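Dear colleague,

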Amino acid sequence: MFGTSKASRGLIVAAGAATLLLAACSSSSSSSTTSSAAASSAAATSASASSSASGSAACDVTGKKVAFVMGAESDPFFQAMKVGAAAEAQAKGMELIWQGDAKEYSPATQIPVVDQVLAQKPDALVLIPTDPKALQPSVAKAKAAGVIVANVDTRVENLDDVLTFITGDNADGGAKAAESLAGAIGYKDGTKYKVVVGLSSETATTNVARLEGFKKAIADKYPGIEIVDVAYSQSKPEVANTNINNWLTKYPDLNGIFAIDGTNAQGAAAALQAKGLTGKVALVGYDAYPDNVKLVKDGVITSLIAQVPADEAKQAIDAVADALCGNTAGIQKEVVIPNFTIDKNTTEADLKQYTYVA
Amino acid sequence: MATTETHSPNPAGTQVVVASSRFKTLISNQQFILLIVWILMVIGFSLINHIFFSVGVAENILLDWAPLVLIAVGELIVIISGGIDLSVGAIVGFTGVISAFAMRSLYEGSLAEQPYLVLAIGVLVCVIVGLLVGLINSLLINYAKLVPFIATLVTLGACSGMALVFTKGAPVMGGPREAIALSPAWIGPFSRPVLIVVVVVLILWAFVHKARFGRYTFAIGSNSFAARAAGINVKRHVTKVYMLSGLMAGLAGFFFYLRLGSGAPTSGLGNELDAIAAVVIGGAALTGGVGRVSGTVLGALILTTVTSGLIISGVDPQWKRVVVAALIAIAATLQALRKTEGGAS
């Protein structure tokens, strides 16, 4: 579910005990992803695709050790990433060391994992830093040990020691959500429309970037749409459900909902079903978890904006493989992968490619 | 034992007594105060946005109130007994996902044609899992000799952790679609599940205030040594109390399943704090031996009214925490005053 993988990873930190600290955790553990989000993503993807093709042909990386340290094993987002990483490592004959905390998305648990992984003397380290500042020394340490470092999804503050940073484009996702929502409500200039946005966290960069992208697209292209309310669910579906229930009462003429992650989509979908408003109020969700995709097919969710975690991992493995061959010419410092919109018309082939592994 | 003001030789003491006893009557009727507070809230929110005064909003409030009151009354009984149960929120999420798994496999398997039977089995799973976690709590307290705070903190961590591991963080869907269809209002703002919760709360009220179960609970919470001396099997009763609390949390877990049509490992996270807030606002003492079901019911109603009120008013619902904190402070102060006054009479 937790579409914003970051919010949920932050949330998982809190699961053990201090639940009230939830919002604080997700804020500290997730930051600065998408400042470069506006970068031309199509060019970036094709560039890295071609570089990987030439790289694998150039030299043999068989037996090279690549360590992959991610945020939290429990998050389906990382499960999808793991599939992509494992497949690509296997294709290249590389040994993959997949590590990360079982459920906590935090630098406190991640730094020891990095230390332990570096002790295994890998050739390359693909790191999803849980904090841009706290993990900077770990990156420097790896670099000093002669390990090639790449960042995926999130980045450390200073990319000097990092080969490449590959991320999904959340601002682009927000804009795609606005487009899809406008299409679903039959947007016409001159007419007024009311939409609400359900978020999980005020600080998680995924949430912030998606909301910014959404707002910007509306301001630029759909001035008739007014965002009448936003609220935060702290990654709890029942809280998202309460918010939507009350909004549906408050705005009987509500046109659409942007649920910024899986939790909010879940709460919103339940509210629309219970109040018999399925299909009458458009609902755009985020992240292609299998159950969400099913709700799109059922017409409860109008569309889903999907990230491509498996592809992010694959491109990171490709880039470090190229670098291990000394072939760094085609590697970009930052690669932004655009999001993908899933709706009722999406082909089965695309669904198969974009649906996350549960 | 304390020297009371009525025995004071000071002639001015008479006046003090009159003033203090009026004050005493006022603050001792917590339910009355809560009712006034709640009515004022409803009036206030309705003035801000007239839509608040509608069946639709009442329906929304009741959907939030029902699961909260279930765990809050369970928590009240634990608190009256002198304990605390931090695991209830985690049990909500844990039972929700376990029963969702069970219902999904049945609904996709042999019982595809009998959605209501699947849902009934889902309730049963929630009840059993809730009772089991409650039993573990009581075993940790009675035999491992852990204080309730630690014992239930252990099960909190275990339950929420297992819920996340089993689900890999994702919600569990795929059960009967009839679940969500039960949530809309049926009579006035009451949905069928909410009405069932009302009945459950009435039964618990009788249990606590009219039955031997309640008398034992108050006795143990007031003085567990005296209760033991009076022949109460304290360990056995403590076991019942925590199992009841687990059971209520399990029912709340199922209620969330009905609302969402899925079980989520994050559901209920932190609800123990809402439950404790409802209990404290309702006038119970965390030191044990004091509390009323009606107070907790109103406490839960006030909390959920604040939630919907803030959303309808367009105020950031995060303010709820601040409002709740203020309510707790006031209620706890009244409780402390009552204790000092009460000790004098």
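How many bridges join strand β3 of chain A to strand β4 of chain A, and do these strands run parallel or antiparallel? There are four bridges between β3 (residues 124-127) and β4 (residues 148-152), and the two strands run parallel. Within this pair, Ala124(A) stands opposite Ile148(A) in β4(A). Please note that the model is a predicted one.

These two strands belong to an open sheet of six strands in chain A, ordered β2-β1-β3-β4-β5-β11 and paired in parallel. The edges are formed by β2 (95-101) and β11 (334-337) of chain A; each has a single partner strand, so one side of each lacks a neighbour in the sheet. On average, neighbouring strands of this sheet are turned by 15° against each other, direction ignored. Helix α12 (residues 309-324) of chain A packs on the sheet and touches β1 (65-72), β3, β4, β5 (165-168) and β11 of chain A. The direction of α12 makes about 160° with that of β4(A).

A further point concerns strand β8 (residues 256-259) of chain A, which is covered on both faces. Gly256(A) and Phe258(A) on one side are buried, as are Ile257(A) and Ala259(A) on the other. Strand β6 (residues 193-199) of chain A runs parallel to β8(A) and is joined to it by four bridges, with Val196(A) opposite Ile257(A). Strand β9 (residues 282-286) of chain A also pairs with β8(A) in the parallel sense, over three bridges, and here Phe258(A) stands opposite Val284(A). Between β8(A) and β9(A) the chain passes through helix α10 (residues 262-274) of chain A, in a right-handed β-α-β crossover.

With kind regards

Technical notes
Residues numbered from 1 in each chain as written. Chains lettered and ligands numbered in written order. Predicted model: local features only at pLDDT ≥ 70, side-chain atom pairs only at ≥ 80, totals over all residues. Buried ≥ 20, exposed ≤ 12 C-beta atoms within 10 Å, placed from the backbone. Pairing = 2+ DSSP bridges. Right-handed = clockwise from strand over helix to strand, strands pointing away. Axes fitted to C-alpha atoms, helices over the stretch in contact; angles between N-to-C directions. Contact = placed C-beta atoms within 7 Å.
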